[in-house]
Protein chains: 2
Amino acid sequence: MSYSIQEVADMMNVNASTLRYYDAEGLLPDIKRVNGKRVFEDKDFKWLRVLNCMKNIHMPVKKIREYVALAQQGDATLQKRYDMILEQKKNIEDQIKELQNCYKEFEYKEWYYKTALAAGTEKAVENIALEAPTLEIDQIPENYGKGGF
Amino acid sequence: MSYSIQEVADMMNVNASTLRYYDAEGLLPDIKRVNGKRVFEDKDFKWLRVLNCMKNIHMPVKKIREYVALAQQGDATLQKRYDMILEQKKNIEDQIKELQNCYKEFEYKEWYYKTALAAGTEKAVENIALEAPTLEIDQIPENYGKGGF
DNA sequence: ATATAAGTTAAAGTTTACTTTAAGTCAAGC
DNA sequence: GCTTGACTTAAAGTAAACTTTAACTTATAT
């Protein structure tokens, strides 16, 4: 199977010009050309999926280009690439932890607004939080009272 | 307790000018001033922590400003704020899922390079993947063969 | 044959989120 | 009284990641 740039753009949910930009930046090595036009093949999708991952974890274009450049140099750069992968894996772990923290903050907010809406006013939430010990404790997130807004 | 902009910047690990920028953009409502100078108080840190979360999940400044503006309008905007929070909570869930997917991709890469390094060449990995059934299967990530680079 | 649609490049433009600069204010220490 | 250091504002500058534009090529359908 082979695909035009627009087809790939649609599949990846990006602008075709983004793919051209990536290509110009060295993020899409060895894309076949037919009459000057880019033709994407199955092998390219393997890399596109990894690239997509790298974008998702916010690796800067510059760093992805470094990785690609290393990969093109073959076995001599295996260790460097391995190190990069480990670094990014650690990076992802940290990001997930951050997001999980934020998730808790937002869970609290959900409770906060749910409670305020039920009472009709935000003022009530502080009172409820203050009275917490008299309520079923699991109705209130552990981190209640962190509020503000 | 009250803190200067520089002290807060140090605590939040941002540039003081970033805090001024946030203030100018309406992301830091009701900061006290003494002789024209910003003075941060305990109540401000509650919001700063939430703001920090919102930055972490990549909410654009514009959207955070919307939220702040709603909050300043009081109880009439409770429902809207609740909806925003739910939307962002969903958003975080999606981001975590994406990151977890990427994590798997990187775990595969880790295996890939570890294997290649042991063999001294990348070529070996494909062979090993092809021969997989003859190996201890749990030495190879489930998603082997997704490779490319 | 010719119009259309989809591709091409190089270069300029846009957006977002800061960051830096320049010029000025102000309280504290010498 | 004067320097120093930390703050202030408004405005200009920067960096990253696209996105748009303009001029051009090429395969396909009429």
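Author: Let me begin with burial: a residue counts as buried when its relative accessible area is under 20%, as exposed when that area is over 50%, and as partly exposed in between. Please keep in mind throughout that this is a predicted model.

Reader: With that cut-off, why is Tyr112(B) called buried?

Author: The relative accessible area of Tyr112(B) is 7%, and buried means under 20%, so Tyr112(B) is buried.

Reader: What makes Tyr108(B) and Tyr112(B) a tilted pair?

Author: A pair of aromatic rings is described by the distance of the centres and the angle of the planes. The ring centres of Tyr108(B) and Tyr112(B) lie 6.1 Å apart, and pairing asks for centres within 6.5 Å; the planes meet at 50°, so the pair is tilted, given that angles under 30 degrees count as stacked and those over 60 as edge-to-face. Both residues belong to helix H5 (residues 78-119) of chain B, where they are 4 residues apart and therefore separated by about one helical turn.

Reader: How do you know that a charge sits over the ring of Tyr112(B)?

Author: The charged end of Lys109(B) is 5.5 Å from the centre of that ring, where the distance limit is 6 Å and the charge must also be within 35 degrees of the ring normal. In chain A, the charged end of Lys109(A) sits over the ring of Tyr112(A), 5.4 Å from its centre, and Tyr112(A) forms one aromatic cluster with Tyr108(A), Trp111(A) and Tyr113(A).

Reader: Why is the pair of Tyr3(A) and Phe45(A) called edge-to-face?

Author: The structure holds 12 aromatic pairs over all chains. In the pair of Tyr3(A) and Phe45(A), the centres are 5.1 Å apart and the angle between the planes is 85°, to be set against the limit of over 60 degrees for edge-to-face.

Reader: Is Tyr3(A) buried or partly exposed, and why?

Author: Tyr3(A) has a relative accessible area of 22%, and since buried requires a value under 20% and exposed one over 50%, Tyr3(A) is partly exposed.

Reader: Why does Arg38(A) count as buried?

Author: Arg38(A), found in strand E3 of chain A, has 18% relative accessibility and therefore counts as buried, the limit being under 20% with protein chains only taken into account. Its side chain is joined to that of Asp23(A) by a polar contact of 2.6 Å.

Reader: Which element gives the largest share of the surface near DNA strand C?

Author: That share, 4 residues, comes from H2(B). The residues of this surface divide into 5 nonpolar, 7 polar and 5 charged.

How values were computed: Residues are numbered from 1 along each chain as its sequence is written. Chains are lettered from A and ligands numbered from 1 in the order in which they are written. This is a predicted model: local features need pLDDT of at least 70, side-chain atom pairs count only at pLDDT 80 or more; totals for chains, interfaces and linings use all residues. Side-chain values use heavy atoms; hydrogens and water are left out. Helices (H or I, at least four residues) and strands (E, at least two) are DSSP runs, numbered from the N terminus. Ala, Val, Leu, Ile, Met, Phe, Trp, Tyr, Cys and Pro count as nonpolar, Asp, Glu, Lys and Arg as charged, and the others, Gly among them, as polar. Rings of Phe, Tyr and Trp (its six-membered ring) pair if their centres lie within 6.5 Å; planes under 30 degrees apart count as stacked, over 60 as edge-to-face and the rest as tilted. Buried means under 20% relative accessible area, exposed over 50%, partly exposed in between (1.4 Å probe, protein chains only). A polar contact is a pair of N or O atoms within 3.5 Å; within protein, one must be able to donate a hydrogen and the other to accept it, and residues adjacent in sequence count only if both atoms are side-chain atoms.
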